[in-house]
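Hi,

Here is the structure I promised to pass on.

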Number of protein chains: 2
Amino acid sequence: MKKATIHDIAERLNVTASTVSRALNGNPRISETTRKAVLKAAKELDYEPNQVASALRSGKTQLIGMLVPSINRAFFSSIIKGVEEVANSLNYRVIVSQSSEVLSNEENAVKAFLNARVDGIIASIGKNTQHFDHYEQVLDRGLPLVLFDRTTPFLQTSQVVIDDYQGAYLATTHLIEQGCRSIVHLTTERKIDIYKERYRGYLNALTDNNIEPDTSMVFSGNLQVEDGRVHCEALLKQERKFDAIFSASDYAAIGAMQVLKENGFKIPDDVALVGFLNEPFTSFTDPPLTTVNQFPIEMGQTAANLFFNLLNTEKKKIRPKKTVIQPELVVRASSLKK
Amino acid sequence: MKKATIHDIAERLNVTASTVSRALNGNPRISETTRKAVLKAAKELDYEPNQVASALRSGKTQLIGMLVPSINRAFFSSIIKGVEEVANSLNYRVIVSQSSEVLSNEENAVKAFLNARVDGIIASIGKNTQHFDHYEQVLDRGLPLVLFDRTTPFLQTSQVVIDDYQGAYLATTHLIEQGCRSIVHLTTERKIDIYKERYRGYLNALTDNNIEPDTSMVFSGNLQVEDGRVHCEALLKQERKFDAIFSASDYAAIGAMQVLKENGFKIPDDVALVGFLNEPFTSFTDPPLTTVNQFPIEMGQTAANLFFNLLNTEKKKIRPKKTVIQPELVVRASSLKK
DNA sequence: ATTAATTATGCAATCGATTGCACAAACAAA
DNA sequence: TTTGTTTGTGCAATCGATTGCATAATTAAT
């Protein structure tokens, strides 16, 4: 049994498909009588619009392409959640793809989105992406493009980021307030801005509190659990004096926590710890890890709102907008002395 | 500057759009000469097929609707990841929606998928869903439907689940092998099969080892962290003797772990702990939590494979297939004595 | 009663790709 | 030379909804 179309409705009422289409879309040139009849017939025939046909004619698919490095990372899946919520409420659907941080995947995903004729794209660029031609194409076609978290100044388009500088500044200041003076920083060499900003926040918090930054206290790696372990073991081996670690990632912070505990250090009394990301596991460590909340769901909602802003703005009047979300320091036992 | 269509290619080569279409689709009735010319022109004009037009005519959108209770839960986002990987490699895209365990959301999402004319649906049903009309509609339309994790015997369609019974059996047996005899079980009243199966696995492991099950050792709640805490506190208050807890969820296990540690119990020596899910945080607790891995990414891949199986099978020959994934006990320090 | 203005609907093209059927050209067989 | 195949393309309809323009029907104005 096939789905009813507007033609079936038209036939039953002895009108044309045009009339039915207009009636269903609330066109004011249709009489109230006809409109009611159409709506009634539509219900009786269990009519549901075919969005594919509609999309072909109107050029609007009601689809948003969403590209993330990895779907199953807490941060990204929460952003997807936020985007989905807003999109859904406005009758848009979200197509997700992942780049796995590989440029060619990223390019292919964007191309696939364009072929699927999405109405626009929301994306976070890969860690190592330096070419942006594929995104330029999106803009050239006049499609809305919103970047989140990992952005680039090379693309003139709306973006949402958190204030990484502020997050790091808050974290470091908090450690100082807890009496720490020798604060280690775990970071990465990655070219994306977010880590530079966190590093800058760390440095400024130190100098603002009259603590001389010491570059030998800054360790660069991949920010994974193992990196945290390695750096921390190196610190201990060198018998360096330090009373706190601010890690640009929760994972490295956990690695450090493990090593510290294994070596009999008390957290936070001997060494206070602060991470970054507010990964779900941070509240389950022992002690629970102080970290920086990036509000990923809200970030997703914001990205979606920016998206619809672009979508509803005349092309000529579009002015890219950058939204900066203020992060929140989540203070837990790993840094709270006394 | 508008996208080129097959008509533009046709015009340039003085052939018709039919020929171009056939050439691009590898129809053997097109001469090699023409095919090459078409391919060349397509490249020069930067032609990309319009999938919307193709979808309208062919009835295939290359879209899969994927419905999960919540996008940002590790288990579900990993399943999405697995589905996306397979789908992507076969040139399909995945639309995601979340039900938030609310029936009306579930119904709306399915309806939205149908309106978007997806080629089929992969879904996990809501915790409280007892009506399946919306899924029946999918089947009535002859669309592939694959259910995963949370399924129902009321729908005749392919599904992927893990062997919850076996997971629980392994977990409980492991505790017994570690010398435990009084094993508490944390579960839920929910109507979905998975918890019943885990309970059954727990019981059978006990009786198979000549341990008399004691229903007063079984606690039912929501399986969240707080529930684990509450149940554990109750146990301690009643001064019940127990030497292990097998929780049907990692969250409740963590709650219990917290309470035990707060009360000076040694884990695993005084009480051994095993959870279920293999949530990412379980490796970061202290001690790390023994748990049951459900292989969610593999489950997603399997679901996708079942989906394409259905898609490529003649309607008449379709025989729903149930795939059962064998879980793995991930033994960590929370249960490993000595 | 005639004209003008308004209102409701129909006609037909369009979006871009696909496909059954027809047909011309080229070639082979008789 | 005639008939029969094979091969490569074209024609035109189709998928279902949308929309500019035309027109019929109704009402208002003169």
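**Around the DNA**

Helix 2 and helix 4 of chain A, together with helix 1 (6–13), helix 2 and helix 4 of chain B, each supply at least two residues of the surface near DNA strand C. Helices here are DSSP runs of H or I with at least four residues, strands are E runs of at least two, and both are numbered from the N terminus.

Before going on: this is a predicted model, where local features need pLDDT of at least 70 and side-chain atom pairs count only at pLDDT 80 or more, while totals for chains, interfaces and linings use all residues. Residues are numbered from 1 along each chain as its sequence is written, chains are lettered from A and ligands numbered from 1 in the order in which they are written, and side-chain values use heavy atoms, leaving out hydrogens and water.

Back to DNA strand C: 25 residues surround it, the closest being Thr19(A), Thr34(A), Arg22(B), Tyr47(B) and Arg57(B) (near means a heavy atom of the residue within 4 Å). Of the atoms of DNA strand C that come within 4 Å of the protein, sugar and phosphate account for 54%. On the phosphate side, a backbone N or O atom of Ile6(B) lies 2.6 Å from a phosphate oxygen of DNA strand C.

DNA strand D is also surrounded by 25 residues, and its closest are Arg22(A), Tyr47(A), Arg57(A), Thr19(B) and Thr34(B). Here sugar and phosphate make up 52% of the DNA atoms within 4 Å of the protein. Arg29(B) has a polar side-chain atom 2.8 Å from a base nitrogen of DNA strand D.

**Strand 8 of chain A**

Which residues point which way from strand 8 (residues 244–247) of chain A? Ala244(A) and Phe246(A) point one way, Ile245(A) and Ser247(A) the other, and all are buried (under 20% relative accessible area, 1.4 Å probe, protein chains only). Strand 8 runs parallel to strand 6 (residues 183–187) of chain A, with 4 bridges joining them (pairing takes at least two DSSP bridges). Ile183(A) stands opposite Ala244(A).

Definitions and conventions. Buried < 20%, exposed > 50% of the residue type's maximum accessible area, 1.4 Å probe, protein only. Polar contact = N/O pair within 3.5 Å; in protein donor to acceptor, adjacent residues only side chain to side chain.
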